Amino acid sequence: MQNQFGRDAFALLVTAGVLVWIAPLVISTYTLTVLIVYGMLALSLGLIWGYGGILCFGQAAFFGLGAYTYAIAAINIGESTLPMLLAIIVPFIFAMMLGAMMFYGRLGDVYVGVITLVVTLILYRFINSTAGPQFVLGKARLGGFNGIPGFQTLNVPGNPDSYIWGDGLYYFAAAALVVVLLLVSWLLASPFGRIAVGIRENETRMSLMGYDVAARKTLLFALGAAIAGLAGALFANWAEIVTPSLFSLGQSAEIIIWCIAGGLGTRFGPIIGAAALAYLKFLLGQQTLVDNTVIMGLILVLFVLFLPKGIVPAVVSGWTTLFGRRGAGKATALRRNRAGRGAVSHG
Amino acid sequence: MDLFAVILVEILYSIASLILISAGLAVVFGMMKVINLAHGEFMMLGGYATIVAVNQGVNVFIAMLVIAPITVGLIGLVVERLVIRHLYGRLVDTMLATWGISLLFIGLATMIFGNTTTGISTPISGFSVGTYQINGYNFFIILVAMVLVLGLYIVLKLTRLGLIARGAMQRADMAAALGYSPSRIYMATFFCGAALSGLAGAVLAPLVGLVPTSGGAYIAKAFITVIAGGPSLIAGLASSAGLFGVTSQVFAFSISPMAGEIALLVAAVVLLRLMPQGITGRFFKGKV
Amino acid sequence: MIVNRRQLLAGTSALAAAGLVRPAFAAGDTIKVGSILDTSGIFDAYGKPMDMALRLAVKEINAAGGLLGKQLEVIAYDTQSDMALYTQYGQQLTRQDKVDVVHGGILSASREAIRQTMRKTRTPYFYNVLYEGGVCDRNIFINGVTPAQQVEALVPYAMGKSGKKVYILAADYNYGQITARWIQKIVTDNGGEIVGMDFFPLDVADFGATIAKVQTAAPDLVIAPLVGGAHLSFFRQWAAAGMKDKIALASTTLGVGNEHKVLTAEEGDGIMVAYNYSQDLETPANADFKGRWAEEYGDANAIHEIAVSNYQGVHTWAEAVRKAGTTERGALIEAMESGIAIDGPSGRIAVDPKTHHAVLDVHIMEFENQKMKVIETLTQRQPIDTQSVCDLRANPDDNTQYEIQI
């Protein structure tokens, strides 16, 4: 097992290195940075939804929370290292509390969806109504609809004047994504990850086997939130402004679409889905013939109807049919599991 | 005293509008266990249908109460045939597909009607209670909501159609064995649900104006109201709309409209934590 | 991205057909005018005519031979009413397209989102919209009315017509917040009293509870700096509740997006406003401007206050470029500070060297039959609110937005 993880990690590092090196030749690093950020955000939902079976309608809440935490802390501290860490920790703790409330209450699928949705709405409404001068945290005005511009952006640790931006930010974000991906791979290969998949498949059975289902789900949920928070902080650095729209339902919707299109239950599916769709949207933004939303909507409907597994599993199973390298049993298991959420187990 | 009356009307109006915006979703969810996330867009289309009809010279009440529901019902029918029927029994997939449909409709409406706020004037003028002025249109909305609840109750409880519908809702296989095609029942239900959404959108359009993205403002509220209501269709709808309507208006009056919105959302979280099956999952069991 | 290519192509091909422009531009042959506006989304009622105005102004300048022997080229981005897109496109305009000047921004939130980017990249920035005042930055020029020019004219007039008790309903972001405080100050200065104040996020569209709440405070006058499409429903619901004949209504924003043409006459009549421009100004300059606009776009219905501001902003900039003989930032700012002025559709607009704001005419108006009827004209008002806190000659490095303290 460990050995396989080692090989896996090595292959991942090499592929990532090549991709990070080649991509700027095709697309500008400014655009690439945001594609990476979205990839990380999609991965965060892919982890808890694809492997943990937790459908969170409010992943944007943690993304926004991370971005706001970073911005507020950066204004107050004036140096970016601690704010980056806070942007991971704050969403993590927030998700711990929210998750504990939901999972110890044994809420079902749809109810978890509703509660995460409602919490996102509360945050969005709240942040949107903080334009008044009374909403201040330290030196930072929350700014409501205006958002918070002009905070200290990423710098070399300990040296607030040497900024990491442009190409530097791109390489930093790419490295962060690779690290997160490695950690996720390691987590999924560990007993914790395997039990999480077990809980997704049959919660009752796992709890009868003596595992504390609520605690494990809460932790997984919080880990997803932490990754989303990191993505939020990177986004704040890229955009140089944070606005309430980070918390919006539209943002949450997009994350879900990325995961569905890319493929649930895979590590790369959500990332590929996010990067591909965000880039598509970016290209579509340059034409005015057809409204962008129409195309995003069509993509979602068509995927659910015709390719509910998403791109990556479809390609993998196509590969298997053609070259027969993996057992055929997996493909049928896949189809069966598709009933609610998706499914390829980690391999 | 006058003030009390004014606040009371506002609270009733708030409950009525929650019932209106949730009814379509509740029918579809209650009968088919399908959460239609394009519900808000059905409302938006109802609003546009009304405005287009009024601009063509149709009487505003006919436009709102007849044309809009039928138009949107037919659109719903098409959606059901093309998309939803392939996904029955897959709750999450239907949610995602209808989400896609909602985006599609927003985009199409933007292309057709543009992104500018449009609206029509309210057809009923205000009047005074003591020293206060009240929006007369509020009463119309309260009336429509009451007729709606009563109508739903009568159809479901007292007609043969309602009996079949309730039967199919509880045991689709038994209904099928008895010769009622579930496919046709679902189709009819979705038509009704969409028509109700269209009606709600049409009736609210004169008050709040309309942009293609208007639906987004309703879907979350409707979703919360329906889920919090729980399994019984009418009792659930009425009780959760009552609870949320009172909560939000009390906070809206005493603090600000924004506090009202947030209070509603917080109430929903607390409620779902305490009663994960919704209000009627604990009380009023077995009612329609 | 979004150089709106369709429009750009349509525009250039029309010009080329008219024989006004050489068909192809080589890089470096043109002066690049950056534009960043919400031409879609909930603020498009403001943004679309502003975009048309900018293109009209540029076309006129090009038809007259361009500037410094070069043609102007518009690089425009549509920010889709999303504040986050402003920073993104602002970066693109300055770092990638390297434009010579940026005109644009509508909401104050959008201005603050890009102002620092413009300053950092040393790109002269023109914000051509009425706003809450107080921005003190040598890199920016603003030609819209500020509270001292607008609110100070409007409030005494409105209070004179109604009474001393005032209720404020404002949009919940920097513009509404700061303007509300200005209104508060000016009402108190005029011996009035604020009986209530509420702020609304820009997506609030249901004002039922608010209208009831306003009645409990029983004011004589409601002043409403509300912004955008959703807030327009307030005026509808106000009329629907029959409040229009009971409590007087004034606004610092209504009509800026031609809302008086969207509201019916019954809903709009009697609402008091004060602006620098109205389509109904009966001056030869305005008639001429409306004629040119109609020639370009079919009819002149779309023109509004901030479209005219944007048009005048481009012409003011062009005037300064002519005077400086270059588009270079330092020389341009000096030319702007030399006290230049232009005569536009709304009358004379002079640049105040001390604050980079504008000295201009303000008209007190009332809505009447979907028009803005001029009641009183106050000529050449100074932006004294900003002048009292900002002196760019003494402190050229100042970079703050001063807010009124109460």
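The radius of gyration is taken here over C-alpha atoms, and the globule rule is 2.2 Å times the number of residues to the power 0.38.

**Conventions.** I worked on a predicted model, in which local features need pLDDT of at least 70, side-chain atom pairs count only at pLDDT 80 or more, and totals for chains, interfaces and linings use all residues. Residues are numbered from 1 along each chain as its sequence is written, while chains are lettered from A and ligands numbered from 1 in the order in which they are written.

**Entry 1: chain C overall.** I compared chain C with the globule rule: for 406 residues a compact globule would have a radius of gyration near 22 Å, and chain C agrees because its value is 21 Å. Along the principal axes, the C-alpha atoms of chain C fill a box of roughly 65 × 50 × 40 Å. I counted 14 helices and 16 strands in chain C; helices (H or I, at least four residues) and strands (E, at least two) are DSSP runs, numbered from the N terminus. I found 60% of the 406 residues of chain C buried, a residue being buried if 20 or more other C-beta atoms, placed from the backbone, lie within 10 Å of its own. I then took the contacts (C-beta atoms, placed from the backbone, within 7 Å) between residues of chain C at least 6 apart in sequence, and 73% of them join residues at least 24 apart.

**Entry 2: C:Ser251.** I located C:Ser251 in the loop between β10 (248–250) and α9 (259–262) of chain C. C:Ser251 is buried because 24 other C-beta atoms lie within 10 Å. Leaving aside neighbours within four places in sequence, I list C:Ile223, C:Ala224, C:Pro225, C:Leu226, C:Ile271 and C:Val273 as its contacts. I also looked up C:Val155, 96 residues from C:Ser251 along the chain, and the two C-alpha atoms are separated by 9.5 Å.

**Entry 3: chain B against chain A.** I noted 33 residues from chain B and 37 residues from chain A in this contact. On the chain B side, α4 (91–113), α9 (215–229) and α11 (257–274) each supply at least two residues. The largest share, 15 residues, comes from α4(B). By class, I recorded 24 nonpolar, five polar and four charged residues on that side of chain B; nonpolar covers Ala, Val, Leu, Ile, Met, Phe, Trp, Tyr, Cys and Pro, charged covers Asp, Glu, Lys and Arg, and the others, Gly among them, are polar.

**Entry 4: chain C against chain B.** I noted 31 residues from chain C and 32 residues from chain B here. The largest share of the chain C side, seven residues, comes from α7(C).

Methods: Two residues are in contact if their C-beta atoms, placed from the backbone, lie within 7 Å. A residue is buried if 20 or more other C-beta atoms lie within 10 Å of its own, exposed if 12 or fewer, and partly exposed in between; C-beta atoms are placed from the backbone.
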